[in-house]
Amino acid sequence: MAIYLDNHSTTRLDPRVLEAMLPWLTDHYGNAGSTTHRMGHEARDAVEAAREKFARAVGAEPDEIIFTSGATESVNLAILGAAARRRAAGGRIVSWNAEHRAVLDPLEHLASRREAEVVLLPVAGRDESVPGLIDLERFREACTSGTFLATLLVANNEIGTIQPAAAVAELIHAAGGMLHLDCAQAIGRMAVDVDALGADLASFSAHKFHGPKGVGALFVRRRFRPARIAGRVFGGGQERGLRSGTLDVPGIVGMGEAAAIAAEGWREEAEAVGRLRDRLWEGLARQVPGVVLNGPPLDDAAVRLTCNLNLHVAGVDGQTLLATLAEEDLALSSGSACSSASPGPSHVLAAIGLGEDEARASLRFGLSRFTCPAEIDRAVDLIAAGVARLRR
Ligand SMILES: *Cc1c(COP(=O)(O)O)cnc(C)c1O
């Protein structure tokens with residue numbers, strides 16, 4: 001049996017979510033945009049019910065939710081859409097160097113075409129109290145009068161750092177800009193309420209919280225402080241014209257269900273998963289000489305996701321170790337699986353000051369509601385044996 005500890009790259013579909021989706025994959029195959037008949041009506045009603053469920057789970061109104069194909073598309077729509085909507089050319093976007101590639105690449109695209117000035121601020125290094133944390137004073141200084149957008153990864157996908165989003169919101173709003181939050185890793189693992197977080201735009205991905213792959217959402221604030229973005233995909237005008245294309249009815253139904261489950265149970269789940277994560281760390285620290293924690297302290301759930309562990313093993317090549325462990329069907333990742341197309345040390349680990357060798361010796365663990373104690377103990381044994389073998 002596989003031991004799956006790679007829940008930052010994707011998660012297992014919850015059986016309750018699959019059950020909710022099934023009818024929409026079989027008998028009920030109508031197009032939610034084709035409502036001249038019963039099957040179209042049913043599909044539209046299912047999408048609207050899921051929209052309401054999802055909105056409720058993140059503290060939004062249903063008409064503030066745009067369904068997309070995932071967080072990559074949502075982030076691109078938020079960033080490129082905000083830049084396109086800005087009347088004056090130029091203007092500044094502020095972000096950080098430990099963001100996901102889905103944020104860094106569209107920012108690079110805008111900067112290379114001189115469509116915006118992009119400022120990437122550093123995050124706290126490994127020697128500071130919370131590695132990966134942003135610096136609010138630095139951010140305040142970077143928010144010059146032309147700053148129209150700040151984009152922040154609420155919970156880091158490699159080292160689990162949780163950011164002070166509400167404080168960032170206050171500063172960017174004072175400067176007259178909007179805040180986009182990448183919430184892909186947050187939902188189901190910490191409190192996610194778009195009002196409390198101060199988001200104007202927020203990106204989500206169903207497969208990161210036990211929903212299906214290929215569906216996501218962008219929250220676009222309409223109340224109090226309407227966020228202004230332009231669509232990037234043109235066609236049938238679905239999703240208020242911001243994202244044309246036939247809606248993925250089963251995927252959207254699954255996303256609504258998965259979000260409702262996450263909102264209902266995240267607190268107890270985060271505690272239970274945290275106990276397993278601590279058991280994993282303690283086991284490894286005991287059995288593997290030379291393990292070093294990467295990222296924030298494990299004992300503060302306010303600054304680090306409880307499902308996350310990232311470490312490096314002095315003198316061991318992470319890739320080689322992972323290859324050995326993969327033979328035992330132990331699934332985890334070194335650096336970020338999202339960038340496994342571009343091997344090389346993780347930019348997040350580099351951002352907190354790890355050297356290339358240390359980054360290469362790093363392992364990333366992500367636990368979930370489906371992780372059990374026996375798997376943790378077996379993983380510790382396998383890693384300890386693997387490291388011992390490599391060192392011989
Ligand atoms: C997974 C992830 C994304 C991309 O989401 P997809 O739905 O896979 O496109 C973006 N940002 C973060 C932080 C992620 O973890």
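An oxygen atom of the ligand sits 2.9 Å from a polar backbone atom of Ala71. That is a polar contact (a pair of N or O atoms within 3.5 Å; within protein, one must be able to donate a hydrogen and the other to accept it, and residues adjacent in sequence count only if both atoms are side-chain atoms). The model is predicted: local features need pLDDT of at least 70, side-chain atom pairs count only at pLDDT 80 or more, and totals for chains, interfaces and linings use all residues. Residues are numbered from 1 along each chain as its sequence is written, and side-chain values use heavy atoms, with hydrogens and water left out.

**Ligand site**
- The residues around the ligand (a heavy atom within 4 Å of it) are Gly70, Ala71, Thr72, His100, Leu153, Asn157, Asp182, Ala184, Gln185, Ser205, His207 and Lys208.
- Asp182 places a side-chain N or O atom 2.7 Å from a nitrogen atom of the ligand.
- His207 has a side-chain N or O atom 2.9 Å from an oxygen atom of the ligand.

**Domains**
- The domain assignment, automatic or from a database, gives domain 1 (3-11 + 265-391) and domain 2 (15-260).
- Over C-alpha atoms, the centres of domain 1 and domain 2 are 27 Å apart.
- Their contact (heavy atoms within 4.5 Å) takes 37 residues from domain 1 and 35 residues from domain 2.

**Interface area**
- Domain 1 and domain 2 bury about 3000 Å² between them, and carbon and sulfur atoms give 55% of this.
- Buried area is the accessible area (1.4 Å probe) that two parts lose on being put together, summed over both.
- Thr11, Leu305 and Ile352 supply 21% of the area that domain 1 buries against domain 2, more than any other three residues.

**Interface contacts**
- The interface of domain 1 and domain 2 holds 16 residue pairs in polar contact, both residues at pLDDT 80 or more.
- On the side of domain 1 that touches domain 2, helix 8 (249-287), strand 10 (308-313) and helix 10 (347-351) each give two or more residues.
- Helix 10 gives the most to that side, with four residues.
- Helices (H or I, at least four residues) and strands (E, at least two) are DSSP runs, numbered from the N terminus.

**Salt bridges**
- The whole structure has 26 salt bridges (a side-chain nitrogen of Lys or Arg within 4 Å of a carboxyl oxygen of Asp or Glu).
- One salt bridge crosses the interface of domain 1 and domain 2.
- Arg126 and Glu358 form a salt bridge, with their closest N and O atoms 2.9 Å apart.
- Arg126 lies in the loop between strand 4 (117-121) and helix 5 (136-142) and Glu358 in helix 11 (residues 356-360), so the pair ties together parts 232 residues apart in sequence.
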